[in-house]
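User: I would like to go through the assignments for this chain one at a time. For each, tell me what it rests on.

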Amino acid sequence: MDLFSQDSAKVHCDRIIQLDDSIRFAGIANSMGTLIASSYRMQLQPLLNDDETKLYAMQAVLRAELREDFQKNMGTLIYSVGKYDKLLRATIPLIGFDYKKFYLLLSLDVESDAFSILENKVVLYLKNEFPK
């Protein structure tokens, strides 16, 4: 499965939400920051409305793209995490089967062990779904 279509991206978002009860939101954006698909945890009241979520996606992708300037010195970005008062956010770059760049955008409960969830669940899922 790849990220070519909105339907396949939605399937991945739905599966990622199921990886851990602490994951609030999963979205996939293209390299221009356009949100292709997203999923929310069941019974969750989102903190952002749809327009704010779209703006967040564009800004998160822009920040991730800017970080690439330093890859030659620091290596490839695996993920980045930001902690806010009400939640944790993570951005994970993805490469589709056609070598197009996408970004997985996550939000997690603020009290969750984000690094454990990312390393042991999300990154593992992505390695299985998108082997290099």
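User: Where is the kink in α4 centred, and how many degrees is it?

Analyst: This is a predicted model, so everything here is computed from predicted coordinates. The kink in α4 is about 30 degrees and is centred on V123. The bend is the angle between axes fitted to the seven residues ending at a residue and the seven starting there.

User: Which residues of α4 are called buried?

Analyst: A114, I117, L118, V122, V123, Y125 and L126. Buried means under 20% relative accessible area. V123, where the kink is centred, is on that list.

User: What covers the buried residues of α4?

Analyst: The cover includes α1, β1, β3, β4 and β5. The helix lies across β1, β3, β4 and β5. Its direction makes an angle of about 25 degrees with β4.

User: Which strands does α2 lie across, and at what angle does it run to β5?

Analyst: α2 lies across β1, β2, β3, β4 and β5. The angle to β5 is about 115 degrees.

User: What is the strand order in the sheet, and is the pairing parallel or antiparallel?

Analyst: The order is β2-β1-β5-β4-β3, with antiparallel pairing in an open sheet of five strands. β2 and β3 each have a single partner strand, so these two stand at the edges. One side of each is therefore left without a neighbour in the sheet. From one strand to the next, the twist averages 15 degrees.

User: What makes β3 and β4 a pair?

Analyst: Two strands pair if there are at least two bridges between them. β3 and β4 have four, in the antiparallel sense. They therefore meet the cut-off of at least two bridges.

User: How many bridges join β1 to β5, and how many pair β1 with β2?

Analyst: Seven bridges join β1 to β5, and the two run antiparallel. I28 has L104 as its bridge partner in β5. β1 and β2 pair over five bridges, again antiparallel. There, A26 has S39 as its bridge partner in β2.

User: Why is β1 called largely enclosed?

Analyst: Seven of its eight residues are buried, so the rest of the structure largely encloses β1.

User: Which residue in the hairpin of β1 and β2 takes a positive phi?

Analyst: G33, with a phi near 90 degrees. The hairpin has four residues between the strands.

User: Why is the contact between D14 and K10 called a salt bridge?

Analyst: The rule asks for a side-chain nitrogen of Lys or Arg within 4 Å of a carboxyl oxygen of Asp or Glu. Here N to O is 3.1 Å, so the pair qualifies. D14 and K10 are four residues apart in helix α1, which puts about one helical turn between them. Residues three or four places apart in an α-helix point the same way, because there are 3.6 residues a turn.

User: Why are D14 and K10 called partly exposed?

Analyst: The class spans the range between under 20% and over 50%. D14 has a relative accessible area of 34%, so D14 is partly exposed. K10 is at 33%, so K10 falls in that class too.

User: What makes K121 and D20 a salt bridge, and how many residues apart in sequence are the parts the pair ties together?

Analyst: The closest N and O atoms are 2.5 Å apart. K121 lies in helix α4 and D20 in the loop between α1 and β1, so the pair ties together parts 101 residues apart in sequence. D20, at 14%, counts as buried. K121, at 33%, is partly exposed.

User: How do you know that D109 and R41 form a salt bridge?

Analyst: Their closest N and O atoms are 2.9 Å apart. The limit is 4 Å, so the pair passes. D109 lies in strand β5 and R41 in the loop between β2 and α2, so parts 68 residues apart in sequence are tied together. D109 is buried at 14%, and R41 is partly exposed at 21%.

User: Which residues are linked with them in a network, and how many salt bridges does the rule give?

Analyst: R24, R41 and D109 are linked in a network of salt bridges. The count by this rule is six.

User: Why is F130 called buried?

Analyst: Its relative accessibility is 10%, and the cut-off is under 20%, so F130 counts as buried. F130 lies in the segment after α4. F130 and I95 are 35 residues apart in sequence, yet their C-alpha atoms are 7.7 Å apart in space.

How values were computed:
Residues numbered from 1 in each chain as written. Predicted model: local features only at pLDDT ≥ 70, side-chain atom pairs only at ≥ 80, totals over all residues. Heavy atoms only, no water. Buried < 20%, exposed > 50% of the residue type's maximum accessible area, 1.4 Å probe, protein only. Axes fitted to C-alpha atoms, helices over the stretch in contact; angles between N-to-C directions. Contact = heavy atoms within 4.5 Å.
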